[in-house]
Amino acid sequence: TLSGRRHPKEEVGEPFKEEKAVAKYLRFNCPTKSTNMVGHRVDYFIASKAVDCLLDSKWAKAKKGEEALFTTRESVVDYCNR
C-alpha cells in the first residue's frame, strides 16, 4: 500500500520497519508477568496493558501533516492482530 502499512489480506512475510519498531517498543515497555509452565519459566503480558502501552506511545500522537497510527483501542487491536 502507499502508506507502507499492510493490507489485511497481504501475505505475512518480513515485518516492515515500523512493525519491528512497534514490537521492540512493546518488548521493552509493556509490563510483563512470569510463571512456570511445564517446568519452564514463561514471561507473558496482558493484552489490555499492551493496548494501553501503545496508546501512550509516539505512534498515538499525530505529527504535522500525518495521521496517528493508533487513535483508538480498536485500532491498536486491529494492528496487533495483523
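Accessible areas were computed by the Shrake-Rupley method with a 1.4 Å probe, and for residues only the protein chains shown count as cover. The model is predicted, so that local features need pLDDT of at least 70 and side-chain atom pairs count only at pLDDT 80 or more, whereas totals for chains, interfaces and linings use all residues. Residues are numbered from 1 along each chain as its sequence is written, and side-chain values use heavy atoms, with hydrogens and water left out.

The accessible surface of the protein comes to about 6,700 Å², 54% of it belonging to carbon and sulfur atoms. Of the 82 residues, 21% count as buried (under 20% relative accessible area; exposed is over 50%, partly exposed in between; 1.4 Å probe, protein chains only).

The secondary structure consists of 3 helices and 2 strands (DSSP runs of H or I, at least four residues, and of E, at least two, numbered from the N terminus), in the order α-β-β-α-α. Strands β1 (residues 32-37) and β2 (residues 40-45) run antiparallel and are joined by 6 bridges; pairing requires at least two DSSP bridges. Met 37 has His 40 in β2 as its bridge partner. The hairpin has 2 residues between the strands, and Val 38 takes a positive phi near 50 degrees.

There are 2 aromatic pairs (rings of Phe, Tyr and Trp, the last by its six-membered ring, with centres within 6.5 Å; planes under 30 degrees apart are stacked, over 60 edge-to-face, the rest tilted). The rings of Tyr 25 and Trp 59 are edge-to-face, because their planes stand at 85 degrees, with centres 5.6 Å apart. Tyr 25 lies in helix α1 (residues 17-29) and Trp 59 in the loop between α2 (47-55) and α3 (73-81), so the pair ties together parts 34 residues apart in sequence. Phe 70 and Tyr 79 also form an edge-to-face pair, at 5.1 Å centre to centre and 90 degrees between the planes; both residues are buried.
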